[in-house]
Amino acid sequence: MSLNTKKKSRTSFGATAPPFIDYLQDILRRYPDGGQILKELIQNADDAKATEVVFIHDDRSYGTESLWTDELGKYQGPALYAYNNAAFTDEDWEGIQMAGRSVKRNDPNKVGRFGIGFNSVYHITDVPSIFSSVHLGMMDPQEKIFGQRNSGFLWSLDDAEHQEALIEMHDQFQPFRDIVSLVGGKEWSSVINEDQHFDGTIFRFPLRKEASDISDNLYDSDRVVELFDSFIADADLSLLFLKNVTSVSLIHINVDGTVKTRLEVKSSISTDVVLESEDDSIIESSTRFKVITLNSEDHKETKWLLTTCTMKEGNVEHLDSLAKKLSFFPQVDLAFPCGEKRDSSESRLSCFLPLPNNESNKTGLPVYINACFGLTDNRREIKWQEEDQQHDEHAVWNELLMKEVLPQAYIMIIQDAIKLAQQDNLPVSSVYNLWPDIAQIKHKRKWYAVALDVLGHLFRQKVAVLSLAKDEREFITPSEAVFPCNAPTSSDILAAIKRTLVSCGENLVTLPGSVASAIDEAYPHLDTLKHVTPAFIRGSLRRINVHTISKHDKLCLLEFILSDKKYRELEGLQLLPLNDGSFRSFTDREEDTALIDSNEFPRVLLPFCKHLFVPDDLRPACSAHLKELARENIFKVINIDAKRVAEYTKRFLPQDWKQMSKGHVTWDVSSNQHPPLEWLQEFWTFLNTHFKELSDFIGLPLIPILRISSEISKLPLMEHEKN
């Protein structure tokens, strides 16, 4: 051996690529088995601009007589098929052979750019095969079927020898023959000999029945059912953010060839209603309705409001540079389910298809968020700028999307929802349902910060987002609004306040508690906002004619304006209720007198003054406030006591009793001008309790001349004279 050769053998050094089997095993360790596999195949179809995807679980087994090679016999059993109606290009045939080096990597419009997506099918199979455009290919990473160093074989429809094999080897290609007939409605012979082209793609994945070098993960019929069930759980979200695919079906074929559709999910976009951003905006956006229809054992239809928002180049430099470097697209999509109040805790993230249903992918926001996110290498979660990846470009990209694009998209979907509500295309309640519910996300640090950021943008841009009570389709800004009272208040009082303020032209807004909480949490100048308070209502009542307000509403308003105990500010308001249904003003004038009785001094003692008492059916809170007001001696509102009973008995005697002659009067108990029969007994009980001597009652007809009886309608009363 020469010296140079010896040197070369000693110094030869460098990293080498692992065998492909090792690479696959690593992918399968990191990449999940389950419904995500089907999502990857849907993404590939969407990238290829397919509109239809069909998954077929076929329990049939096929013959093993006429095969290309005997080694293929054990792959003639049950299989999973994935069909889509887009044909492979030359680039696709090249790309599917480049494991981990996807040709989609530099195309931001394509989802499956990670390379590992398709290879996840090796959880299921050892020998995937593809029939599309002008080829039928089988892949054998173990190199056990087609000879050493041959990891697959490609039949071409324009090759005469291959054509003959595809037609003559019935057993080998019968699985494809059946599926082509099922999904394409075409004869195999016409596709092979006449068309020499299949305008679609069929993947066949024979189920792994025994452990292999690739995996010891065995797949039987039950496992495929689980795979389908896993996808069905997310089926209504699966088409929400895809660009091209509008139909996905799950089909089962049993051993005797009976075909049953387990699920069909379809999407359709309304072209009648499309809202687009202004040309001078920093974003390019559009909002439209998308309907997702599910047909399985039940029929379900969900209408979504879908907003797509892209940051225009030249506005955020860092975003622009990363978009070019990573071949990502600075776009955020938001979807909101119309007409149904969904639990916000279920809303989650999508990267074109929904990410796994775990806590890290749930936002707590009422909208579902989709973007070209930078994902972890197993594509299960989004990367964020945590301590160990502060400078990870994918994590930085995601943070920029959340900071720069998401708030713009959120504002746009709210503004467009308002326009649609004003056009009667969306319930007004949906506008408020779009707002982040602060209580739902306070425990989610990242999404709480995002919600505050969105709300901050909304308020700084002075967007008219609050619905007027007088016309729910008219919206105003928070600074123009009068907010409902936030103290606990009964519904009938709130209704009376609403009717009153609307009638006097105030900009009262109606809003749910979650929106009020969001404003309290995020509005920059809370102290400048106008709220319904007792003082505000008192001021409003001074500016209107209270005679136009109903009795019920007056009593409700009275209870509310008394509640802050600022009784002096009631002066002049004609809201003091009397027993006869009229209302006096809160003044110290004699004509505005109102009397309040008690258990000790009941109103039956003063039947002559019943028109001066406040109603005895006022609500307890209102009665309590009026009694407290009377104790403060502010207005002519009086809690009656013994002295007042004596005073008002003298002052309000029946007119004919005041003209008494011969020292007695006639008490006509049947006359409504005279006291009722029970009055005299109650009055003497009162006198006996509160007076030791009766000098205050001299001259009053209080002494019956005859025995009182219920049969007597008229009774003479003698005046009490001085001893």
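**Entry 1: helix H3.** I looked up the buried residues of H3 (buried: under 20% relative accessible area, with exposed over 50% and partly exposed in between, for a 1.4 Å probe and protein chains only) and found Gln36, Ile37, Leu38, Lys39, Glu40, Leu41, Ile42, Gln43, Asn44, Ala45, Asp46 and Asp47. I note that 12 of the 12 residues of H3 are buried. Helices (H or I, at least four residues) and strands (E, at least two) are DSSP runs, numbered from the N terminus. Just after H3, I found a positive phi of about 70° at Lys49.

**Entry 2: basis.** I record that this is a predicted model, in which local features need pLDDT of at least 70 and side-chain atom pairs count only at pLDDT 80 or more, while totals for chains, interfaces and linings use all residues. Residues are numbered from 1 along each chain as its sequence is written, and side-chain values use heavy atoms, with hydrogens and water left out.

**Entry 3: helix H17.** I checked H17 (residues 513-522) and found Val515, Ala518, Ile519 and Ala522 buried. They lie on the same side of H17, because they cover an arc of only 100° around the axis; the arc is that of the directions from the helix axis to the C-beta atoms. I looked up what covers these residues, and it includes helix H13 (428-433), helix H14 (438-441), helix H15 (445-460), strand S15 (466-467) and strand S17 (482-483), where contact means heavy atoms within 4.5 Å.
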